[in-house]
Amino acid sequence: MTYLERAREMFDEAVKVRRQLHENPEVGFDLPKTTRLIKSKLDEFGIAYHNVGDSDGITGTIGDSSKGKTLLLRADMDALAITEMSKGVVVSKNDNGHLCGHDLHPTILLMVLKMLKEDEDKLEGQIKFLFQPGEETLTGGEVMLKNGILENPKPDAGMVIHMWPIAKEVGVEIQKGASLASALNFRITIKGVGAHGAMPYNGVDPIFVASQIINAANGILARELPSNKGASLSMGYLSAPGGAVNVIPDTVVLEGTSRSLYPESAEHMKSRLPEVVDHIAKAFRAEAQFEVLADVPALINTEAITEQLQSSAEEALQGEYPVKNVGPYLASEDYAHIAAKLPETCYFFIGCPEPDENGKTYPVHHPLVQFNEEALIVGSATMATAAFNWLRDNK
């Protein structure tokens, strides 16, 4: 029996698990209901596990390291603090939402582990698995590293999937080389002096300073980076507590993110942003603090394992689903922290469009996004086949 056939047999079981996770989304690093369900399925499958340090991360192994190398399979499992607004067959029961597919990811990994456990005596090496919390904060991968996820045993390579609901059809999408962008998430706190709006000369206006910082920071993109190795910069949050129509507040908080596919450009933004913030603030008599909230490198798919994964995906899906090469996306992933430490790694996408009643699909993180559950079959069959083949061919 092929893994595609076995995945179809397990589809109803997978849908049940995915919907339980979808209805009970939890955010960040505290995932008691999520981990309880995952652990109960691992117990059912006879797979041993333990927590990653004192976190809610779950790890373990199947197979035999004496037969070959160790391959890491990872799935994130935290949701977003966004209220779901879709009218899908299953919706969240609380104010959070699995709007990035982190309910499908652990479900697929569970199904993959079940299938590979059934073939454990045939595995020519060892599978190490990771169910990871805190991906949406872009800090979970770093926490897993600090808690020793790449030790005892040390993986030789890694594979990760992610849902892509704005794909044209259900299938596999793979990018060679740079796959996802770096992310520098930051907070800027500007301290001024409050004043009456009619008499701004009696204070130091932090809103005006914030506007100058936004303009100057974007000047880095236009004047300091080559056009063929650029970056993006977005300020997505501005708060001016105490301000009003005729009141200049004493503090403004900006939060934003810079993304790039090019390490040198990412490093330049990381160096120059704090300088620009500090100097612009001083130029207008204010004080500014630049705080890094997350710093994730670009995610690079290495050549050999990526080519092998594409071949395995084509083998697994038998022409029933497309396997496409796609360009990089400027989204970011904290698996990049782990990937940067591995000799080989591949992060790929599962197309899972599920149009709403108006025929429209939505991207991840959108409150109306829905996911085609057929992705459970495609993802499970592809990852199981690719993992089995990689161990076989890389002894």
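What follows is a conversation about how some features of this predicted model are named.

Guide: This is a predicted model in which local features need pLDDT of at least 70 and side-chain atom pairs count only at pLDDT 80 or more, while totals for chains, interfaces and linings use all residues. Residues are numbered from 1 along each chain as its sequence is written, and side-chain values use heavy atoms, with hydrogens and water left out.

Visitor: What makes Val209 in helix 6 and His268 in helix 7 part of a meeting between these helices?

Guide: Contact means heavy atoms within 4.5 Å, and helices are DSSP runs (H or I, at least four residues), numbered from the N terminus, as are strands (E, at least two). Val209, Ile213 and Leu221 are among the residues of helix 6 that meet residues of helix 7, including His268, Leu273 and Ile280.

Visitor: What is the angle at which helix 6 and helix 7 pack?

Guide: Angles run from 0 to 180 degrees between N-to-C directions, and axes are lines fitted to C-alpha atoms, for helices over the stretch in contact. Helix 6 (residues 206-224) and helix 7 (residues 263-283) pack at about 145°, with their axes 9 Å apart.

Visitor: Why is the space beside Ala7 and Met10 called a cavity?

Guide: On a 1 Å grid over the protein atoms alone, a cavity is a set of points where a 1.4 Å probe fits but cannot get out, whereas a pocket is an open set with protein on both sides within 12 Å along at least five of seven lines. Lining residues have an atom within 4 Å of a point, and Ala7, Met10, Phe11, Ala14, Met111, Leu376, Ile377 and Ser380 line the largest cavity. Helix 10 (375-393) gives the most to this lining, with three residues.

Visitor: How many nonpolar residues does the lining of the largest cavity have?

Guide: Ala, Val, Leu, Ile, Met, Phe, Trp, Tyr, Cys and Pro count as nonpolar, Asp, Glu, Lys and Arg as charged, and the others, Gly among them, as polar. The lining of the largest cavity divides into seven nonpolar, one polar and no charged residues.

Visitor: What is the volume of the second largest pocket, and which domains supply its lining?

Guide: A volume is the space filled by probe spheres set on the points, with grid points joined across faces, edges and corners, and for the second largest pocket this comes to about 210 Å³. Domain bounds come from an automatic or database domain assignment, and the lining draws at least three residues from each of domain 1 (3-179 + 298-393) and domain 2 (182-296).
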